Amino acid sequence: MALAVEQKKELVEAHKTHDSDTGSPEVQVAIIQTRIRELTEHFRTHRKDHHSRQGLFRLVSKQRRLLRYLHRQDVQRYRDLITQLGIRDTISGRRG
């Protein structure tokens, strides 16, 4: 259930911080968020797919670590990202 190459390029273009950026926390969180949404949709029809559910938990944990890092480094970039992606603000308890 990997992302299509073009979908990944679109995410990188939308969230990059400079011209050659492919690995900033913003890009990584956007890619992970897309995969989380796809897996969540997958579980609506495949309720007993516990192996993929384990992968989902890993993705959620990785996303939380990246968001925590971004919050420590630059709060404004963090707030902009959670607003863009429509994710919950779990660090300060607000909803984005």
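Mentor: Let's start with charge: the chain carries 20 positive and 12 negative side chains, and the centres of the two sets lie 11 Å apart. Lys and Arg count as positive and Asp and Glu as negative, with His and the chain ends not counted. The place of a charge is NZ of Lys, CZ of Arg, CG of Asp or CD of Glu.

Trainee: Where do these values come from?

Mentor: From a predicted model, where local features need pLDDT of at least 70, side-chain atom pairs count only at pLDDT 80 or more, and totals for chains, interfaces and linings use all residues. Residues are numbered from 1 along each chain as its sequence is written, and side-chain values use heavy atoms, leaving out hydrogens and water.

Trainee: What makes R77 and E26 a salt bridge?

Mentor: The term asks for a side-chain nitrogen of Lys or Arg within 4 Å of a carboxyl oxygen of Asp or Glu. In R77 and E26 the closest N and O atoms are 2.5 Å apart, so the pair qualifies. R77 sits in helix α4 (residues 75–85) and E26 in helix α2 (residues 25–45), so the bridge ties together parts that are 51 residues apart in sequence.

Trainee: Why is E26 called buried?

Mentor: Buried means under 20% relative accessible area, exposed over 50%, and partly exposed in between (1.4 Å probe, protein chains only). E26 has 7%, so E26 is buried. R77, with 31%, is therefore partly exposed.

Trainee: How do you know that E41 and R44 form a salt bridge too?

Mentor: Their N to O distance is 3.5 Å, so that pair also passes the rule. Both lie in helix α2, three residues apart, about one turn of the helix. R44 counts as exposed because its relative accessibility is 52%, while E41, at 47%, is partly exposed.

Trainee: How do you know how many helices the chain has?

Mentor: Helices (H or I, at least four residues) and strands (E, at least two) are DSSP runs, numbered from the N terminus. That gives four helices and zero strands.

Trainee: What makes the radius of gyration agree with a compact globule?

Mentor: The radius is taken over C-alpha atoms, and the globule rule is 2.2 Å times the number of residues to the power 0.38. For 96 residues a compact globule would be near 12 Å, and the chain has 14 Å, which agrees.
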